[in-house]
Amino acid sequence: MNFSDSEIVASVMTENNYETALSAQDSDVIFLNTCSIRDNAEQRVLNRLKQLQVLRKKNPALIIGVLGCMAERLKTSLLEEQRLGMRIDMVVGPDAYRDLPQLMVDAESGQKAVNIILSSEETYADITPVRYAAGGVSAFISIMRGCENFCSYCVVPHTRGKERSRNPDSIVNEARQLIDDGYKEITLLGQNVNSYAWKEASGNIPVDFPSLMENIASLSSQLRIRFATSHPKDMSDELLYVISRHPTICKSIHLPVQSGSSSVLKRMNRKYTREDYLQRIEAIRKIVPGCAISTDIITGFCGETDQEFHETLSLMERVGYDFAYMFKYSERPGTIAAKKLKDDVPEAVKTIRLEEVINLQQQLSLRSNQAEVGSLQEVLVEGPSKRSSAYVSGRTSRNKVVVFPDNHYKAGDYVMVKITGCTSATLKGES
Ligand code: 5AD
Ligand code: SF4
């Protein structure tokens, strides 16, 4: 989402006669688009901001701005030079990017520039993002902004504001433009794409996520469509039927479970139980056979007992995830958990539990990859492999990375690849 937002920022700035520079050293203005989701994300940004201060020696007129969620969460406290031990010139929240040119005028005249007003309407629907994705193969389209689910651990509803969906016509037009420009893969983005809803469509037919997907899936047979992220409580069978009907929609679903324990899920305010979640997994297996499933997991949430933690491990085994993002719980100021629950799982226990889920997931990923050895897969080439220029790397519909010998392939080619081996992270193949 931040990557996609940075493309909007770049678009607003280039429209106003600014150019992107290749490095911080060459820049007169530096924006950090920030994340508040966990404390370590914020600490990394603060360290980076400190490092960037040395550039002021060479360029005293340098403007440094903090954009996005940290701007929203920390607000004007980011301008307190003495307390922070550094100077920040601009603080701009995620709904204020249209205001950047005006804020630049203030900053260039030496004033501190701030806009952290959240909007209930802004979707940047009419702004064509400047595309930064490497290779011109894969692009993001933001279809909605904000979130009102208020999972108790999560800062996003506080930093990104109310949920709002973007006009479907503008989404389909952006997808068409990307196809015309040669893009082969589009990922539709939102905090909870399953609750996408547009009520003012032409002819007054409401558009929901399954119908939006259906519209985009039919645009080109050469296209691959992905989406993120789905909330399990809103993942409908209807969407699964759309996925199963359209070969252009990738057979890969990211369905964050967070915990395998119903009591922890209740404390997290996730609004589903372990059983509800497993029922959704069964529906995926039945309606979209062979679909890859990935997830997010948090270890050491408030009050998590050993038994509750083991329910997460057992759910992971039961689902057999193909991939997972795994995190230690990090208390975020202002969230419901921070106000009402005790962050009482010791750091060391959080760490051990995280190691356990990572180890288990590594086995599950290996098992999932081994099952693909011997199969023939259509791979969308993304570019040279990181390790050797004699190889290229790309992805399957199930979102698995495949590395195979380069036979003069270009980014954007579809290649049939025989899978010959694997690690837990990568498939190896021959074309
Ligand atoms: N601590 C740890 N992980 C978190 N996530 C969100 N908030 C927190 C937090 N306070 C994780 C969730 C979410 C992913 C994007 O980040 O797993 O799905
Ligand atoms: Fe955060 Fe929950 Fe919204 Fe996801 S659905 S952004 S975890 S509040």
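Let us begin with Ser330, which is buried in this predicted model, with a relative accessible area of 16%. A residue counts as buried when that value is under 20%, so Ser330 falls in the buried class. To find Ser330 in the structure above, please look at the loop between strand 14, residues 323-328, and helix 14, residues 336-340.

What is Ser330 in contact with, once its neighbours within four places in sequence are left aside? The residues are Arg38 and Asp39.

Ser165 lies in strand 7, residues 164-165. Its relative accessible area is 12%, so Ser165 is buried. Not counting residues up to four places away in sequence, Ser165 touches Thr123, Ile143, Met144, Ser195, Tyr196, Ala197 and Trp198. Which backbone atom does the side chain of Ser165 reach at 3.0 Å? It is the backbone nitrogen of Ala197. For a sense of distance, consider Ser165 and Ser211: they are 46 residues apart in sequence, and their C-alpha atoms are 14 Å apart in space.

I turn now to Phe31, in strand 1, residues 29-34. Is Phe31 buried or partly exposed? Its relative accessibility is 21%, and Phe31 therefore counts as partly exposed. The cut-off matters in this case, because buried means under 20%. Beyond residues up to four places away in sequence, Phe31 touches Val9, Met13, Gly65, Leu67, Met90, Leu100 and Met104. By contrast, 39 Å separates the C-alpha atoms of Phe31 and Leu240, which stand 209 residues apart along the chain.

Several of those names return in our next topic, the packing of helices. Helix 1, residues 2-15, packs with helix 6, residues 100-108, at an angle of about 65 degrees, and their axes are 9 Å apart. Helix 1 is therefore roughly perpendicular to helix 6. In this contact, Val9, Val12 and Met13 of helix 1 meet Leu100, Pro101 and Met104 of helix 6. By class, the contact has 6 nonpolar residues, with no polar and no charged ones. Recall that Phe31 touches Val9, Met13, Leu100 and Met104, among others.

The next pair is helix 9, residues 209-217, and helix 10, residues 237-245. They pack at an angle of about 15 degrees, with axes 9 Å apart. This angle makes helix 9 roughly parallel to helix 10. The crossing of these two helices is left-handed. On the side of helix 9, the contact is made by Phe209, Pro210, Met213 and Glu214; on the side of helix 10, by Glu238, Leu239, Val242 and Arg245. How do these residues divide by class? There are 5 nonpolar and 3 charged residues, and no polar ones.

Helix 13, residues 306-319, and helix 15, residues 347-370, also pack at an angle of about 15 degrees, with their axes 10 Å apart. These two helices are therefore roughly parallel to each other. Is their crossing left-handed or right-handed? The crossing of helix 13 and helix 15 is right-handed. From helix 13, the residues that take part are Asp306, Phe309, His310, Thr312, Leu313, Met316 and Glu317; they meet Arg353, Glu356, Val357, Leu360, Gln361 and Leu364 in helix 15. This contact has 6 nonpolar, 3 polar and 4 charged residues.

Finally, some details of the backbone. Most residues other than glycine have a negative phi, and most peptide bonds are trans.

First, Tyr124, which is not a glycine, has a positive phi near 55 degrees. Tyr124 lies in the loop between strand 4, residues 113-115, and strand 5, residues 138-142. With 1% relative accessibility, Tyr124 counts as buried.

Next, Asn269 has a positive phi of about 60 degrees, although it is not a glycine. Asn269 is found in the loop between helix 11, residues 262-267, and helix 12, residues 274-287. At a relative accessible area of 27%, Asn269 is partly exposed.

Last, a cis peptide bond joins Ala228 and Thr229, with omega about 0 degrees. Thr229 is placed in the loop between strand 11, residues 224-228, and helix 10.

Key
Residues numbered from 1 in each chain as written. Chains lettered and ligands numbered in written order. Predicted model: local features only at pLDDT ≥ 70, side-chain atom pairs only at ≥ 80, totals over all residues. Heavy atoms only, no water. Helix = DSSP H or I, 4+ residues; strand = E, 2+ residues; numbered from the N terminus. Buried < 20%, exposed > 50% of the residue type's maximum accessible area, 1.4 Å probe, protein only. Contact = heavy atoms within 4.5 Å. Axes fitted to C-alpha atoms, helices over the stretch in contact; angles between N-to-C directions. Parallel < 35°, antiparallel > 145°, perpendicular 65-115°, else oblique. Left-handed = near helix turned anticlockwise from the far one by under 90°. Nonpolar A, V, L, I, M, F, W, Y, C, P; charged D, E, K, R; others polar. Polar contact = N/O pair within 3.5 Å; in protein donor to acceptor, adjacent residues only side chain to side chain.
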